[in-house]
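Hi,

Here is the structure I promised to pass on.

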Amino acid sequence: MTKTAKGVGLDIGTMNLVSARRDDSGVVTKRIRDAFLDLPPNSKKMLKLSGVSYVEREDEILILGDAALETANIFGKEARRPLSSGLVSSSEMDSLEVLGLLVKNVLGEPEVEDECCYFSVPAAPIDNPGQDVIYHQGVFERIVGECGFEPIASNEAMAIVYAETASDGFSGIGISFGSGMTNVALAFNTIEGLTFSVARGGDWIDAGAARSVGSTQARICAIKEKGVDLNNPSNREEEAISFYYKSLITYVIDNLSKQFRMIESQFSLPKPIPMVVSGGTSLAGGFMEFFQGVFEKKRKKFPIEISEIRHAKDPLSAVAHGMLIQAMQEYD
């Protein structure tokens, strides 16, 4: 039976890599944690007993994804991350090889030769112009191509507009609260009017909250992932997390307002549009109520009329879904 190409979407995040493709049952997603751990070859026996999958190299063993974090705790080590602040990490010498393994794991094999793969890239951060988005994009074009796909880069936050605003005529503001960055896009009838990112996200919250209370970034991250109610913090660490979330949301809204004012004379909006919030950092307990509370205090001076604020249906896979929608258009 001849396979039919449908395209695939790939979200490349600092914390997770997520792929999305369509089969007969609907959209199927696959996620892998953006982490790895290197161990000496003599660890192989223990890993075989535990059932953990690994990759062998000449002088070491690599464990990828969630298993890397779990195994790191057992061995008392820190898992390493090939992406940092939303981009390829310049401090990780093994980044490129590991990223190739992670992408191949999450993408699988193409259905046909040179199947189209749309992958996410962040916008250049307006508050850190030294970050190299061009190199990052080029690296993933090569990696995705080496996996047998035709790579096409597309803006991360615009993918949220594609995934979440079909009923609004693909008009709206998409905000992707990631681990390394927060990406923002504004579109009307699929026409991109504004895209930018800020170099703050979940990692920025973890680092700031940890400094404030004399804790570690890993511990703050663990508290967040275990579950924290931003509107009702129960201890000093959770209160610090809440303060930094408020600061991040305020920073993003203020920069969105500032960036829009710079282009509003060239891009008019004839009606109110929705604002869709997504990303792993938005999964904290009470985040949407918290976000709305911050926004309502600024609504009167906000230069864009907002019809509603809503959470993406699946904040962890919304970007991958938006990439898939674009990839599928290549075959219609």
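D168 has a relative accessible area of 21%, so it counts as partly exposed; the labels work like this: buried is under 20% relative accessible area, exposed is over 50%, and partly exposed is in between, with a 1.4 Å probe and protein chains only. Before you go further, bear in mind that this is a predicted model, where local features need pLDDT of at least 70 and side-chain atom pairs count only at pLDDT 80 or more, while totals for chains, interfaces and linings use all residues. Residues are numbered from 1 along each chain as its sequence is written, and side-chain values use heavy atoms, with hydrogens and water left out.

Back to D168: what does R310 form with D168? It is a salt bridge, with the closest N and O atoms 2.6 Å apart. By salt bridge I mean a side-chain nitrogen of Lys or Arg within 4 Å of a carboxyl oxygen of Asp or Glu. R310 sits in strand β15 (residues 306-311) and D168 in the loop between α5 (156-164) and β11 (172-177), so this pair ties together parts that are 142 residues apart in sequence. The helix and strand names come from DSSP runs, numbered from the N terminus: helices are H or I with at least four residues, strands are E with at least two. R310 is buried, at 18% relative accessible area.

The count of salt bridges comes to 15. Here are some to click on:

- E109 and K104 form one, with the closest N and O atoms 3.4 Å apart. E109 is exposed at 54% relative accessibility, whereas K104 is partly exposed at 39%.
- R299 and E296 form another, at 2.9 Å from N to O. Both partners are partly exposed: R299 has 31% relative accessibility and E296 has 40%.

Five strands form an open sheet in the order β13-β12-β11-β14-β15, and the pairing is mixed. β13 (191-198) and β15 stand at the edges with a single partner strand each, so one side of each has no neighbour in the sheet. From one strand to the next, the twist averages 15°; for angles like this, axes are lines fitted to C-alpha atoms (for helices, over the stretch in contact), and values run from 0 to 180 degrees between N-to-C directions. In case it's new to you, strands of a sheet pair through backbone hydrogen bonds, either parallel or antiparallel. Here, two strands pair if DSSP finds at least two bridges between them. β11 and β14 (residues 273-278) pair in the parallel sense over four bridges, and S176 stands opposite S278 in β14.

The C-alpha atoms of H311 and V276 are 5.7 Å apart, although the two residues are 35 apart along the chain. H311 is partly exposed, at 29% relative accessibility.

Nine of the nine residues of α5 are buried, so α5 is largely enclosed by the rest of the structure. N155 caps the N-terminal end of α5, with a side-chain oxygen 3.0 Å from the backbone nitrogen of A157. Helix α10 (residues 318-329) has 12 residues and reaches 17 Å from its first C-alpha to its last, close to the 16 Å expected at 1.5 Å a residue; the expected span is 1.5 Å times one less than the number of residues. Buried residues in α10 include A318, V319, M323 and L324.

Phi of D114 is near 60°, a positive value in a residue other than glycine. D114 lies in the loop between α3 (95-107) and β9 (115-121) and is partly exposed at 45%. F170 also has a positive phi, near 55°. F170 lies in the loop between α5 and β11 and is partly exposed at 25%.

Methods. A polar contact is a pair of N or O atoms within 3.5 Å; within protein, one must be able to donate a hydrogen and the other to accept it, and residues adjacent in sequence count only if both atoms are side-chain atoms.
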